[in-house]
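Subject: A structure for you to explore

Hello,

Here is the structure I promised to pass on to you. Please open it alongside this email, and then read on for what turned up in it.

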Amino acid sequence: MRSRDLAQVALFAAIMVVLGFFPLVQLPGAFAPFTSQTLGVILAGSILGAKRGALAILLFDALVLIGLPVLPGGRGGLSVIMGPTGGFVLAYPIGALVIGLLTERLWRHYNLPIALAINFLGGAVVLYLIGVPWMAAAAHISLWKAIVTSVAFLPGDVVKVVVGSLAALAVKRAYPMIPARA
């Protein structure tokens with residue numbers, strides 16, 4: 001990996017940390033807080049691509065695992081991972097990978113509708129598929145209750161998908177970092 005790639009991975013891990021400075025919003029009755037860090041997952045995958053995007057988010061997850069307070073509310077460490085939000089944090093690199101793979105595959109035709117679909121799939125669906133069952137198990141609640149409480153986060157996730165998609169398109173036009181794949 002070239003030094004430029006390493007710098008981009010480190011930059012996007014730092015963006016995830018900065019997004020953790022936004023205040024933690026705990027919705028009543030929810031077992032996980034609303035955070036802005038999903039936006040970082042979307043940006044990493046859609047701007048850096050699969051490999052660099054996933055590595056950036058893996059680096060961020062490593063910071064969480066070693067206990068640095070990089071999650072909203074100054075949280076970090078294994079206790080967070082073992083708690084109700086841990087599945088979402090562990091799903092972040094997978095979401096970035098999915099977004100990156102699909103973005104690379106569709107790069108030549110990449111436009112707003114495609115970006116929205118890809119970013120919603122990787123930035124919401126993938127995270128929910130992993131995070132919600134983890135939340136149910138960690139919080140000792142039924143899967144149905146975990147699903148129902150997670151629905152409240154969908155409007156915010158849609159906003160993050162739109163913002164991330166618009167940013168990815170702007171970067172594609174100004175300074176494309178993803179090579180077109182066949």
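A quick definition to begin: a helix here is a DSSP run of H or I that is at least four residues long, and helices are numbered from the N terminus. Please also keep in mind that this is a predicted model.

Let's start with a single residue. Leu39 sits in helix 2, which covers residues 37–48. Is Leu39 buried or exposed? Leu39 has a relative accessibility of 15%, and because buried means under 20%, it counts as buried. Leaving out residues up to four places away in sequence, Leu39 touches Leu19, Lys160, Val163 and Gly164.

Now for helix 8, which spans residues 154–174. Helix 8 has 21 residues, and the distance from its first C-alpha to its last is 30 Å, close to the 30 Å expected at 1.5 Å a residue. Its buried residues are Gly156, Asp157, Lys160, Val161, Gly164, Ser165, Ala168 and Leu169. Which helices do these buried residues pack against? They pack against helix 2 and helix 6. Two of the residues that Leu39 touches, Lys160 and Gly164, are among those buried residues of helix 8.

Next, the nonpolar core. The largest one has 47 residues, and those with the most contacts inside it are Phe12, Ile57, Phe60, Val64, Tyr92 and Tyr110. At least two residues of this core come from each of helix 1 (3–19), helix 2, helix 3 (50–65), helix 4 (78–82), helix 5 (86–105), helix 6 (112–139) and helix 8. Helix 6 gives the most, with nine residues.

Apart from its neighbours within four places in sequence, Phe60 is in contact with Ala13, Met16, Val17, Gln37, Val70, Leu71 and Tyr92. One of these partners, Val70, is found in the loop between helix 3 and helix 4. Val70 is buried, with a relative accessible area of 8%. Val70 and Phe60 are 10 residues apart along the chain, and their C-alpha atoms are separated by 8.2 Å. Besides Phe60, the residues that Val70 touches, not counting those up to four places away in sequence, are Val17, Gly20, Gln37, Leu63, Val64 and Arg75.

Finally, the cavities. How many are there of 30 Å³ or more? The count comes to two.

- The largest cavity holds about 270 Å³ of space. Its lining has 21 residues, and Pro33, Thr35, Thr38, Phe88 and Tyr92 lie nearest its centre. Helix 2, helix 5, helix 6 and helix 8 are the elements that give two or more residues to this lining, and helix 6 gives the most, with four. By class, the lining divides into 12 nonpolar, six polar and three charged residues.
- The second largest cavity holds about 30 Å³. Ser46, Ile47, Trp107, Ala168, Val171, Lys172, Met177 and Ile178 line it. Here the elements that give two or more residues are helix 2 and helix 8, with helix 8 giving the most, at three residues. This lining has six nonpolar, one polar and one charged residues.

Enjoy looking around!

Best wishes

Terms used: Residues are numbered from 1 along each chain as its sequence is written. This is a predicted model: local features need pLDDT of at least 70, side-chain atom pairs count only at pLDDT 80 or more; totals for chains, interfaces and linings use all residues. Side-chain values use heavy atoms; hydrogens and water are left out. Buried means under 20% relative accessible area, exposed over 50%, partly exposed in between (1.4 Å probe, protein chains only). Contact means heavy atoms within 4.5 Å. A nonpolar core is a set of buried Ala, Val, Leu, Ile, Met, Phe, Trp, Tyr and Cys residues joined through side-chain atoms within 4.5 Å. On a 1 Å grid over the protein atoms alone, a cavity is a set of points where a 1.4 Å probe fits but cannot get out, and a pocket is an open set with protein on both sides within 12 Å along at least five of seven lines; lining residues have an atom within 4 Å of a point. Grid points are joined across faces, edges and corners, and a volume is the space filled by probe spheres set on the points. Ala, Val, Leu, Ile, Met, Phe, Trp, Tyr, Cys and Pro count as nonpolar, Asp, Glu, Lys and Arg as charged, and the others, Gly among them, as polar. The expected span of a helix is 1.5 Å times one less than its number of residues.
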